[in-house]
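Hi,

Here is the structure I said I would pass along.

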Amino acid sequence: MQLSIRDLSKRYANGVQALANVSLTVQPGMFGLLGPNGAGKSTLMRTLATLQSANSGTATLGDIDVLRQPGRVRALLGYLPQDFGVYPRVSAVDLLDHLARLKGLVDAKPRRETVDALLQRVNLFDVRKQKLGGFSGGMRQRFGIAQALLGDPKLVIVDEPTAGLDPEERVRFHNLLADIAADVVVILSTHIVSDVEDLCGQLAVIDKGRVLLTGKPGELVASLDQHIWRKVVDKSEAEALKAQLRVVSTRLQAGRTVVRAYGESCPGAGFEVTVPDLEDVYFSTIAGHLAAPAAQAA
Amino acid sequence: MTLLAIAWFDFSSRLRAVSTWVYFVLFAFLAGLWMAAAGGVFAGASVSFGGDKVLINGPYALAVCIAFLGFAGVTVIGSVAGRAVQQDFEYGTYHFFFSAPIAKRDYFFGRLLGAWLTLTLVFLSIVLGVVIAVHLPGIDSARIVAAPSWQSFLRPYLFLLLPNMLWLGGCFFVLAALTRQMTGVFVAGVLVLVGYIFAVNLLGDMDNKLLAAMVDPSGVTALDVLARYWTVAQKNGEEIALAGVFLWNRALWMGLGLLVVVVGYAMFRMQAVTAGRTRRRAAMVESSLPVEPTRTLAALPAATIDRSAGAYARMLPGLARLYCSEILRSPRFLAIVLAGVLLVLGNAATLGSLYGTNTWPLTYKVLDIVGGTFNLFVLIVTAIYAGELIWRERDTRIDDITDSMPAPTWLGFLAKVLALFGLQTALMLVVLLCSISVQLAKGYTRIELPLYLFELFVIHLPGFFLLAVFALTVHTLINNKYLGHFVALLLFIVVSRMADFGYEDRLYRFASRPNLVYSDLNGYGHFLPAVFWFRLYWGAFAGLLLVFTYALWVRGRDSGWRPRLRAVVGRMTPVAWSLAGVAGVVFVATGSFIYYNTHVLNPYVSRKEGQQLRADYERKYKALSGVPQPKVTAVDLRTDVFPEQNRVRIAGTLSLANKSTQPIKDIYLHYPPTAQAHALEFSVPARLVEETPAMHWHHYALGTPLPPGGVATLRFDFEYGAKGFRNDGADPVVLGNGALINTGFTPETALVPSFGYNPAAELTSDNDRRKHGLAPRSRMPDLDDPAEQRQSALTRDADFIDYRATVCTSADQFPVTSGYVKRDWTENGRRCISYAMDTPMAAIYPVLSGRYAHRRDVWKGPNGDVAIEIDYHPGHEFNLDRMVAGAKDSLAYFTAHYGPYQHKLLRIIEFPRFRRSGGFAASFPNTVPFNEAIGFTAKVDDRDPKDIDYPYFVTAHEVAHQWWAHQETPANVQGAEFITESLAEYSALMVLKQKYGDAKMRRFLKHELDRYLMGRGLEQKGEQPLLRADGAAYIHYQKGALTLYALQDAIGEAAMDDALSAFLKRWHFKGPPYPTSRDLLAELKRVTPAEHQGLIEDFFETITLYDSRAVSAQARKRPDGRHDVDLVVTARKIRADSTGKEADAPLSMQMDIGVQDAKGNFLVLEKRAVKTGENRFTLVVDGVPVRAGVDPLHKLIDRDAGDNVVKVEVL
């Protein structure tokens, strides 16, 4: 089942253009949606999760019109919102059971088994009887993924899932996601490049509501081969370089600044060519150094 | 500085919020609407500030308006002040403030100040609304102060609104800041409201007025108590002052507010988590994800997934139960329920109190609480929880998850509707339990469970369901929780008060239904079907609302109107359409049926049209009021009552005589348009010339004029019956049990034809008259109107008549009317009794029919036996003994003191209540219909010194009317009630005094004084002295009782008897001309010794008030062991004009001077001469003096009776 988005646009009442002619094709497997804060990721996710309407454009999941047939989408959907709350006085198992019923798991016994199994999967089984009000951010996030996996979803949307997690927990979380991504469309939105690098077969970079780039991480990195140059400079010089060159990123290293710049040839004295990584792809795209040829190709 | 910056930031961001301006506009609108309605902008509106004469922008009206609306703003105060800090927690912004270098003081008080500033601004809109409204076109210039003082606006704002904003705002602020939730604010808000309702109920008993004034958090009741005795002139001319209980009330609640703010400030911590939370978190086992997944997803057990509508439908009850139980178990709801319980119990404490005496907690009496104040409570809970349910997911921020679940939208929607219904059902159960507990606690064990269940769950609950749907619709449309609460409540009030603004038709008043009053005699009677039809009609409309609300239900993040409207298309499935279709069809069908009943079968007359009709009647026919009409000299009736069919057929022959000096050519016959005339014929040739049935007017011209002294008869045969129902419910013309048929004692709806222009049909309110271009009119013809002096005040149609009647009714009922039973038989399975009166009598006679038990007794009088009979409803035996005793003692006293009873029988007949208030008893020749709500169900505790035996008293009053109304009948001029009602009241008091002693009278007269002084402020026309009493109850009952009793106290019972018996003898069955108050006064003057002659003028000829005050009392022990008491008192006499404007008058009279011991016994009580100003007395007493003063028993009319006595200082 493939998800295709065509020319999706959304403008909010306050005038913000959250999505501008977004077109994407997403195959089963993990799909990373990269973008800075405010890029329109959450708007896109919520639109796909049937929580929001669009001004124009289409989105289809298999033969389902996502915008017009929300009921059919919801039957296939697992959604973990970026920010959500839980009833503080309800236990994990009770809330998950309640949500399972809403997902259509009608028979009590198998539903209970599914709930227990999912709680085990996210390792909340031992605390299942405890009130959600006492859960830590990580535990709550895991509860969120458990509910997203209820009812055998075919489209899983996870919005900034690792935001509150410590590095270790992030790794485990990724494993869990990778585990389910076999024949399911999983869309992961994040602003952390390494999340995508580790997990996703495909990615798209969006900013200011526009898709800037799509492709496979490996191919995109390869396309920058021999185009990324590196130089260690003083802080003052870095500022000057920023004005002159197509600087991709600057990073402090032991008190000095490492400047990475984009260039088909050596951009200046002291620059040496370096091995590109996905971050370079992302930053170059955001900075506008990379056109989006892949987007058209998709 | 930081403090101010925070406050300003808060305030200015509120200024940018839409909700602030919505509140602003709504309050301005409400104030304007109220003023406009009271100012006469809406035709047919019945809104006023207590009396036609209270000017709408006068100080009192403004105070009431501002105070009341301000109090209605308690939800706004909660939302603005409560959210001030709580929203920092809700949105997580507290991190910034708490980690910033801001002192707690600056943050806390800055926020509080910001909230206060906002509220100050919002509530200024009330003043704005008032000012605008006063200038609207259509405002009656006679109802406004031309140049209102700015003080009249400022003072209520300063004394009521601002303090409430400060202290309530402070409390709400602190509650929300400390708990970091709005729960406490909701509960506190409900408690405040309960306090107000409780205070209003307490005020029902005047002894509680201080307590009532204090417990009302809004200060409105305190203002009421302060202004309780204000006359119209004071209400329009005196600015409200922060004094007395009003000051104490404000101080109490401001103090509480201050305390809460101080304590709250001390307890407030600028920390992310409070200690309690940390502990809870610590108890939690922290776990983490396994490094490697232990199982794959495929290993998840396969659960059956069924997403059919049927599967989700089966989920509905469970989900509704979940929502409902979540609320039911929440501490907030428990607190609210507790408040409701307190309310019910508090109301039950003064259940049905009359003269400070309780009634038995009959089931219907207890249930009246639900119909009354508890109603408001349910409304508030409904409005709030409708919002809570709608916002349940969004408040928790789990809405993204649940809204993207595949469950259909209708599932959550319907579950919430049902949950709200469940909540209301739970409240009804609470009422049920409370009510039964109240009954049991009062030792009443006749629990009528079926009645409870029917009234609560069949009558009330469906009405609450309608409001629940309405509240959900409002919240869905508004889509802002706090604004939604406010708007929902506002609309509840507007919808329920529409009729007062002249929009009366229940076809467009949501959830309205005709009143339904249960009676032990008549049950719900034939009033029930109309209620069900209206319920069905509005139920169908609620069905439409449900579909509409469902279609616009917010799911997902789209809150704008365009996407919501777009979603409607998807929501409106064929099922939804067909549900809407069914509801629509039922709505139209029932609506048509109701329309047929209320507009076709029964003519629909709105208040405005009714007023127009009366105005037109007066203009058209008033000129004919002087045309002589024949007088009825004898009545022979045949009345067939069909109680099961709510139908009566009245046939009869009226003997007529021309008692005037001119020939009678034209007869103006009056009877209602509801009459179905089977026959109507004069014994002389007569021709119908003109008729206006809607005005009851039928003009016959006689073929040959009836000469003076000439006689004729009129034979009529009319039928009346309830046909379907009217907008105000079924026609109460004939009740199923205990029917009291109005043959003519209420002229406007008299079923027996009457003669001539009927002044009772004229518009009475001067405001209404002005609106219809009519000159103001007095309530009664002038005392010296010679024509009216020849009219009996009891009926215009006759002087004294011969009366006989046959009444037939169903076999199981007892037919009764005035007179003596001549024949009692069964005819075609129906019970018939013939009655005849053996002496001439006043031409008013009731006809009743009911299933009665009979209590019979005999009073052996000096002129033979008098049979006493009480026809009562089985089960209402509570006070039969008291009533019999009252009848016997009265007959004995009146016979001995005034003259013999004219009949051989005295019959008291119980009849049902069919209005919630205003039960009455009325005295007809030898027959007294007596409402079940007044006396039959009183619970008199003889051991309680506070209790008044009013079944005994009311009986005595009605028996007294057999003398004062029936033996002497007054002329139809001012003062008529003085020689009927005041004398009956006085006579009954003397009987009561003989049985219970003078002390009990004092207790009774305290109530009468309170009600007299209060009545003055509600005067619609102008206060008259007793000599010109003109139908205002507070004058002829209360002032009459007070003054006649006080005169008796001064001149003695014997002198009174001398005057009254002479008056009675002079006017015994005399008329025309009939006696007037001047005739009685002449007798009273005759028997009053010179030193008390001034009382006649003070009591009866003028409006006089006394202001006596004890200044100091010092006692010195004498060598002989007794005490000298030096008493200083001041005294003042005040004369008031008809509006209540006062002027001092010189005082020189005999007043009581008394000294009491510790137990309250009088060591000395004697009359002494008192003059205006300071008076000094020295009294010698035995025993130890404790209290001393002037007029210690409050015999005189004195607004501040509390200062008449002081503590004695023993030197």
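**Around F486(B)**

Leaving aside residues up to four places away in sequence, F486(B) touches Y23(B), T75(B) and V76(B). Keep in mind that this is a predicted model. F486(B) itself sits in helix 21 of chain B, which covers residues 481–497. Is F486(B) buried or exposed? It counts as buried, because 27 other C-beta atoms lie within 10 Å of F486(B) and the cut-off for buried is 20 or more.

Next, the nonpolar core. The largest one has 438 residues, and F27(B), A31(B) and C65(B) are those with the most contacts inside it. Helix 7 of chain B (residues 150–179) supplies the largest share of this core, 16 residues. As for F27(B), its contacts beyond four places in sequence include L69(B), G73(B), V122(B) and F123(B), and S125(B), I126(B) and G129(B) are also among them.

On confidence, chain B averages a pLDDT of 90, and 96% of the residues score at least 70. Two stretches to treat with care: residues 275–284 of chain B have a pLDDT below 50, with seven contacts in the model beyond near neighbours in sequence. Residues 293–298 of chain B are also below 50, and that stretch has eight such contacts. For the complex, the predictor gives an ipTM of 0.91 and a pTM of 0.89.

Cheers

Key: Residues are numbered from 1 along each chain as its sequence is written. Chains are lettered from A and ligands numbered from 1 in the order in which they are written. This is a predicted model: local features need pLDDT of at least 70, side-chain atom pairs count only at pLDDT 80 or more; totals for chains, interfaces and linings use all residues. Helices (H or I, at least four residues) and strands (E, at least two) are DSSP runs, numbered from the N terminus. A residue is buried if 20 or more other C-beta atoms lie within 10 Å of its own, exposed if 12 or fewer, and partly exposed in between; C-beta atoms are placed from the backbone. A nonpolar core is a set of buried Ala, Val, Leu, Ile, Met, Phe, Trp, Tyr and Cys residues joined through C-beta atoms within 7 Å. pLDDT is the predictor's confidence in each residue, from 0 to 100.
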